[in-house]
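Visitor: I have a new structure open and want to learn how to read it. Can we go through it feature by feature?

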Amino acid sequence: MSVMDTALRESLKALRLSGMLETLDARLAQAHGGEFGHLDFHHVLCQDEITRRGTVAFQRRLQRAKFEQQVTLEEFDFAASPKLPAAQIRDLAALRWLHAGESVILFGPVGVGKTHVAQAFGHLAIRLPDAPAESVGVYPVYMRVLATLAALLLWAVTAGLIFVAVMAATE
């Protein structure tokens, strides 16, 4: 390894360009083989770094979501729950409601797939292509089942961290 090669690797480490560092040897071999010109070589190295950052950010968003399982809508068996409105769920999977700042509440009997669908929607939101690689995502996703959420709220209220006012509707 030459002094220049060592210096380049140290520079890439210092700049936290590990995507470039991981693929440098393969890309140098391609360049030496005549596959890349100078600009192509740099462009491909930059794309390697962008890909690595996107992958790392995606994994970070998945961890933050705290999904019970890693499931997607593509693997959901609509035939197992024939009463489930498959067309409506597929329409909701376009996430137009999310872009419009609206919410979706899934409710129904036990065992029909509400949790699976909710996690699948979260997975879709995490995979949105307009999420910058260095952000936590355009739409942060946090998966909590209602019982856990209710317990957290109760704890926060009893700890005096939040105040909850319940107002009755009057006619």
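Predicted model: local features only at pLDDT ≥ 70, side-chain atom pairs only at ≥ 80, totals over all residues.

Visitor: How does the lining of the largest pocket divide by class?

Guide: Count nonpolar, polar and charged residues. This lining has 18 nonpolar, 3 polar and 3 charged.

Visitor: How much space lies in the second largest pocket?

Guide: The second largest pocket holds about 280 Å³. Its lining has 17 residues, and those closest to the centre are Leu84, Pro85, Ile89, Leu106 and Phe107. Helix 4 (86-92) and helix 6 each give two or more residues to this lining. The largest share, 3 residues, is from helix 4. By class, the residues divide into 11 nonpolar, 4 polar and 2 charged.

Visitor: Next, the fold. How many helices and strands are there?

Guide: The protein has 7 helices and 0 strands. Read from the N terminus, the order is α-α-α-α-α-α-α.

Visitor: What share of the contacts joins residues at least 24 apart?

Guide: Look at contacts between residues at least 6 apart in sequence. In this protein, 65% of them join residues at least 24 apart.

Visitor: Now the inside. Which residues have the most contacts within the largest nonpolar core?

Guide: The general idea is this. In soluble globular proteins, nonpolar side chains tend to be buried together. Here the largest nonpolar core has 23 residues, and Phe67, Leu73, Ile89, Leu95, Phe121 and Ile126 have the most contacts inside it. Helix 3, helix 4, helix 5 and helix 6 each supply at least two core residues. Helix 6 gives the largest share, 6 residues.

Visitor: Take Ile126. What is it in contact with, beyond its neighbours within four places in sequence?

Guide: Ile126 touches Phe58, Arg61, Leu62, Ala65, Phe67 and Val141. There is also a second, separate core of 9 residues, with Leu12, Leu21, Val44 and Leu45 among them.

Visitor: Can you show me how to judge one residue? Is Glu49 buried or exposed?

Guide: Check its relative accessible area against the cut-off: buried means under 20%. Glu49 has 4%, so it counts as buried. This residue lies in helix 3 (residues 38-65). Its side chain makes a polar contact with the side chain of Arg53, at 2.8 Å. Beyond its neighbours within four places in sequence, Glu49 is in contact with Arg16, Leu17, Ser18, Gly19 and Met20. For the whole protein, 30% of the 171 residues count as buried.

Visitor: And why does Ile105 count as exposed?

Guide: Ile105 has 71% relative accessibility, so it counts as exposed. Find Ile105 in the loop between helix 5 and helix 6. Then compare sequence with space. Ile105 and Ala118 are 13 residues apart in sequence, and their C-alpha atoms are 8.9 Å apart.

Definitions and conventions. Residues numbered from 1 in each chain as written. Heavy atoms only, no water. Nonpolar A, V, L, I, M, F, W, Y, C, P; charged D, E, K, R; others polar. 1 Å grid on protein atoms, 1.4 Å probe; cavity = no way out; pocket = protein on both sides within 12 Å on 5 of 7 lines; lining within 4 Å. Points joined across faces, edges and corners; volume = space filled by probe spheres on them. Helix = DSSP H or I, 4+ residues; strand = E, 2+ residues; numbered from the N terminus. Buried < 20%, exposed > 50% of the residue type's maximum accessible area, 1.4 Å probe, protein only. Polar contact = N/O pair within 3.5 Å; in protein donor to acceptor, adjacent residues only side chain to side chain. Contact = heavy atoms within 4.5 Å. Core = buried A, V, L, I, M, F, W, Y, C linked by side-chain atoms within 4.5 Å.
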